[in-house]
Amino acid sequence: MGNVVFLHVSRPDVVRDINLCVSLDLGKSSYLKATHEPLFGGGILKSNGEAWAHQRKIIAREFFLDKVKGMVDLMVDSAQTLLKSWEEGIDKNGGTIDIKIDDDIRAYSADVISRTCFGSSYIKGKNIFLKIRELQKAVSKPNVLAEMTGLRFFPIKRNKQAWELHKQVHKLILEIVKESGEERNLLRAILLSASSSKVELAEAENFIVDNCKSIYFAGYESTAVTAAWCLMLLGLHPEWQDRVREEVQELTMVIQETLRLYPAGAFVSRQALQELKFGGVHIPKGVNIYIPVSTMHLDPNLWGPDVKEFNPERFSNAQPQLHSYLPFGAGARTCLGQGFAMAELKTLISLIISKFVLKLSPNYEHSPTLKLIVEPEFGVDLSLTRVQGAYRH
Ligand code: HEM
């Protein structure tokens, strides 16, 4: 078990130092030496050093702002299934429905990321998400320390199931790779890079599969869960629904505030690739440092006395102090899909708000729970009616 430090102080200056010292030390690990475990393998999320830098270069350019702008129509298309099924549900049910929204939101997020990754093979690609979700459940344990230290990968029964799922996902991704033509998408970019790097076939296959899995996980689950939290908060605060209907720009603040209260990534983590000292703390080489994001996000000294309240207004004037707001992490390893995620969230939520009035259902049970990311344990239950009058599209 590796040594672990939890940084339970809310010190933006220390977080900045950690990011500067740790993530810029690129180390020397090769792709093959990267940790191999069933969920992430040696993909971008878990690799370090040159292996990480290489993968980041390939993937990041697929999510530059100009590319993201070109994906908005695709996102609008992906939202249609959800919008239509909610409208039909309301009409059939005499003007209102009570639903658990999570599966519909996940289906939207899966559709968007699958089209981005796999282009025209996206329907086949979506089946992979179901398996990755099973895989995520198979490796998740209530004990957070075991989650992060690798203990969960000892060969107990649960792990046999995880490795079995891992094999199935590997096979499915390679099937899509074999079928894929010349069209330009993320899979193709990863493919070209793997084939130009003159490595053994098995290594090239791992490179492709592990990065597809990393993108699936990073891009699908966190965005879907953030959308669910955001709709829960809007259901609880009808005044903010009105404000967003009046002025869609207000939605950015609503999403920022959602990410402050419910950051999908509970921890930003770094490994000390060399001995370090900051904030008076000595960190030996090899130690894993975990910064619990909510410690920063819920500190009244950084955010004021109303820190536990939903108040998107706090983002209207000043941007938060650097390194005190970490929903997408910070430094060299900051989330490379954040522009994409914000576009995806804004597209879906603005379409929903323009068509439906949301109310938190009495069936909703509030229980944020950590399953690698912070999710609503029992899902989000909303009562929906159609928007009347001027805003109806
Ligand atoms: C609301 C949605 C999202 C949230 C809250 C989120 C959050 C995060 C966080 C906290 C990190 C770690 C950053 C650090 O260590 O400093 C991260 C990394 C990453 N995210 Fe996201 N993310 C989201 C959506 C996405 C999407 C849509 C994609 C891609 C399509 C994506 C791709 C990645 C990748 C590849 C990394 C690893 C970067 C690296 O290690 O160099 N994320 N994300």
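How many bridges join strand β3 to β6? Five, and the two strands, β3 being residues 267-271, run antiparallel. Before I go on: this is a predicted model, so to speak, where local features need pLDDT of at least 70, side-chain atom pairs count only at pLDDT 80 or more, and totals for chains, interfaces and linings use all residues. Residues are numbered from 1 along each chain as its sequence is written.

Strands (E, at least two residues) and helices (H or I, at least four) are DSSP runs, numbered from the N terminus. Two strands pair if DSSP finds at least two bridges between them.

Back to β6, residues 288-292. Its Tyr290 sits opposite Ser269. Tyr290 is on the uncovered face with Asn288 and Pro292, while Ile289 and Ile291 are on the covered one. In a regular strand, side chains alternate between the two faces of the sheet.

Next, an open sheet of three strands, ordered β2-β10-β7, with antiparallel pairing. β2 (97-100) and β7 (356-360) are at the edges with a single partner strand each, so one side of each has no neighbour in the sheet. Four bridges link β2 to β10, residues 381-386, and Asp98 has Ser383 as its bridge partner there.

Last up, helix α5, residues 102-118. After α5 comes Gly119, with a positive phi near 55 degrees.

Terms used
A residue is buried if 20 or more other C-beta atoms lie within 10 Å of its own, exposed if 12 or fewer, and partly exposed in between; C-beta atoms are placed from the backbone. The expected span of a helix is 1.5 Å times one less than its number of residues.
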